Amino acid sequence: MERARPLPTRRRLLAGGAALVAAPYVLLSGTRAEARPQDVDQPNAEWQPASGSNYTVSSRPTAHPVNYVVIHVTQETYGDTLAIFQNPQKKVSAHYVVRSSDGHLAQCVREADIAWHAGNWDYNTRSIGIEHEGWVDQPAYFTDALYESSAALTSAICARYGIPKDRAHIIGHHEVPGSDHTDPGPRWDWSRYIRLVNLM
C-alpha cells in the first residue's frame, strides 16, 4: 500500500533552499528494472531518469487511474531541472521536461510510476506532470517549439489514458488543490495550448 506524508513545497526544493526530509513514501513491494532509453512512453523523448528516491514505483493505470495532465514551469533551466530530479535528496520529480529552445523532451519518470510534482498525493497518483523550462514572468521562454512539442505530448497522453482534451483535465499546477504555486502563470497561453492539443 502506498502512503504519503506531506512534502515540502516544490518551489523550495527546486530552489534548493528547503531542509532535507526523510523519504516521504513507502514504495510498493517488488522492484521493476530501470527503464531503458528504448522503453520511454513517448517515442520522441530522451530517457533522463529521476533518482529512484524521487518518485513512487506503481503500476498505473491499474493501481490508479490517470485523469489529469498537470502543466508546470520549472523556474530553472532545463539542465538544472534534470539535475534536481536526479538528486536523491530533493524528493521531487515530474514525468517529462520540455526544453524551451527546441521543444526537446526528456522523460524522467515512467508514466506507470507516480512522480512527485503536484504537492498533493491524490493528484500525484492520478496525473502526469509536465515541466516546461522557463520562468512564469518571462514569456520569451514559451516558444513555438515548446508549445508545439508539449501539446503533442499532452495529446498523446490524453489518447493513451482516455483523458478529455479540455481545461478541466489539463490543468496548471496552481489549480491543484492545496497548491501554493502560481505556475504556469498568467503568461501561459491556455487558449493556444488547448487548441494545439486538440489539433494533434
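Residues are numbered from 1 along each chain as its sequence is written, and the model being predicted, local features need pLDDT of at least 70, side-chain atom pairs count only at pLDDT 80 or more, and totals for chains, interfaces and linings use all residues. Side-chain values use heavy atoms, with hydrogens and water left out.

Reader: In what order do the six strands of the open sheet lie?
Author: Strands here are DSSP runs of E with at least two residues, helices are runs of H or I with at least four, and both are numbered from the N terminus. Two strands pair if DSSP finds at least two bridges between them. The edge strands, each pairing on one side only, are strand 1 (46-47) and strand 8. The pairing is mixed, and the order is 1-5-4-7-3-8.

Reader: Which residue of strand 7 is the bridge partner of Ile71?
Author: Strand 3 and strand 7 run parallel and are joined by six bridges. One of the facing pairs sets Tyr68 opposite Ser127 in strand 7. For Ile71, the partner in strand 7 is Ile130.

Reader: How many residues of strand 7 are buried?
Author: Buried means under 20% relative accessible area, against over 50% for exposed and partly exposed in between, with a 1.4 Å probe and protein chains only. On one side Ser127, Gly129 and Glu131 are buried, and on the other Ile128, Ile130 and His132 are buried. Strand 7 is therefore largely enclosed by the rest of the structure, the count being six of the six residues.

Reader: What distance separates the end C-alpha atoms of helix 4?
Author: The expected span of a helix is 1.5 Å times one less than its number of residues. Helix 4 (residues 144-161) has 18 residues and should therefore span 26 Å, which agrees with the distance between its end C-alpha atoms, 26 Å.

Reader: At roughly what angle do the axes of helix 4 and helix 5 cross?
Author: Axes are lines fitted to C-alpha atoms, for helices over the stretch in contact, with angles from 0 to 180 degrees between N-to-C directions, and contact means heavy atoms within 4.5 Å. Residues of helix 4, including Tyr147 and Thr154, meet Arg192, Tyr193, Leu196 and Val197 in helix 5. The axes come within 8 Å, and the crossing angle is roughly 50°.

Reader: Which residue just after helix 4 takes a positive phi?
Author: Helix 4 lies across strand 3, strand 4, strand 5, strand 7 and strand 8, running at about 175° to strand 7. Just after helix 4, a positive phi of about 70° is taken by Gly162.
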